[in-house]
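I opened my notebook to record what I looked up in this structure, one topic at a time.

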Amino acid sequence: MRTGRPKAVLTISSDERGHLVAITRSRSLPAALTLRAKIVLACEREPNNAVVATRLGVGPHTIGKWRNRFITDRIEGLYVAAGRARSRMRPWPS
C-alpha cells in the first residue's frame, strides 16, 4: 500500500534531456547545479525519492524539492537558489 502524497509526473523533453546531460558533464559549472541536473534525470527513471536519495547520497527532502522545482519551473528553476530573486548561476544558453 502506498503512503504519502502522490507525486506529479516528471516528464523531460529530448531538448531538456540534452541540456541536463550537458550540465552533468560540465566541469566549469557549479557542483550544486550538476547535482540538481543529476537529481532530475534520476527522478525521470525512478519515481521513489528515497531510492534516488540513496543512490545520489542526499536526503529525500532534497530530491523532492528539486523534482518539484523542475516540474514547475523546468530547467530555469534549477538555476535559481532558494531565497534569492536571481542566482549568480546563469541559465544554459538555448
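The entries below follow that order.

**Entry 1: the whole chain**

I noted before anything else that this is a predicted model. I then looked up the secondary structure, and I found that the protein has five helices and zero strands, so written from the N terminus on, its elements run α-α-α-α-α. Of the 94 residues in the protein, I read that 33% are buried. I also looked up how far apart in sequence the contacting residues lie: among contacts between residues at least 6 apart, 48% join residues at least 24 apart.

**Entry 2: H1 and H2**

I reminded myself how such a pair is reported: two packed helices are described by the angle between their axes and the distance between the axes. For helix H1, which covers residues 14-25, and helix H2, which covers residues 31-45, I found that the axes come within 8 Å and cross at roughly 135°. That angle makes H1 oblique to H2, because only angles over 145 degrees would count as roughly antiparallel. The crossing in which H1 passes H2 is left-handed.

I then asked myself which residues in H1 meet which residues in H2. On the H1 side I listed Arg17, Leu20, Val21, Ile23 and Thr24, and on the H2 side Leu33, Thr34, Ala37, Lys38, Val40, Leu41 and Glu44. Sorted by class, this contact of H1 with H2 has seven nonpolar, two polar and three charged residues.

**Entry 3: threonine 34**

From that list I picked threonine 34, which is found in helix H2. Is threonine 34 buried or exposed? I found a relative accessible area of 10% for threonine 34, so this residue is buried. I also looked up where its side chain goes, and the side chain of threonine 34 reaches the backbone oxygen of alanine 31 at 2.8 Å. Leaving out residues up to four places away in sequence, I noted that threonine 34 touches Ile23, Thr24, Ser26 and Leu29.

**Entry 4: H2 and H4**

I went on to the pair H2 and H4, whose axes come within 9 Å and cross at roughly 85°. That makes H2 roughly perpendicular to H4, because the range from 65 to 115 degrees counts as such. Arg36, Ile39, Val40 and Cys43 of H2 make the contact with Thr62, Ile63, Trp66, Arg67 and Phe70 of H4. I sorted these residues too, and they divide into six nonpolar, one polar and two charged.

**Entry 5: H3 and H4**

Next I looked up helix H3, residues 49-56, against helix H4, residues 60-73, and found that their axes come within 8 Å and cross at roughly 110°. That makes H3 roughly perpendicular to H4, and H3 passes H4 in a right-handed crossing. The residues I wrote down for this contact are Asn49, Val52 and Ala53 of H3, together with Pro60, Ile63, Gly64 and Arg67 of H4. By class they divide into four nonpolar, two polar and one charged.

A polar atom of its side chain lies 3.1 Å from the backbone nitrogen of serine 13. Apart from residues up to four places away in sequence, glutamate 16 touches Thr11, Phe70, Arg74 and Ile75.

**Entry 6: arginine 74**

Where does arginine 74 lie? I found arginine 74 in the loop between H4 and helix H5, the latter covering 76-79. Arginine 74 is partly exposed, with a relative accessible area of 27%. I checked its backbone as well, and phi of arginine 74 is near 60°, a positive value in a residue other than glycine. I wrote the general rule beside this value: most residues other than glycine have a negative phi.

Conventions:
Residues numbered from 1 in each chain as written. Predicted model: local features only at pLDDT ≥ 70, side-chain atom pairs only at ≥ 80, totals over all residues. Heavy atoms only, no water. Axes fitted to C-alpha atoms, helices over the stretch in contact; angles between N-to-C directions. Helix = DSSP H or I, 4+ residues; strand = E, 2+ residues; numbered from the N terminus. Parallel < 35°, antiparallel > 145°, perpendicular 65-115°, else oblique. Left-handed = near helix turned anticlockwise from the far one by under 90°. Contact = heavy atoms within 4.5 Å. Nonpolar A, V, L, I, M, F, W, Y, C, P; charged D, E, K, R; others polar. Polar contact = N/O pair within 3.5 Å; in protein donor to acceptor, adjacent residues only side chain to side chain. Buried < 20%, exposed > 50% of the residue type's maximum accessible area, 1.4 Å probe, protein only.
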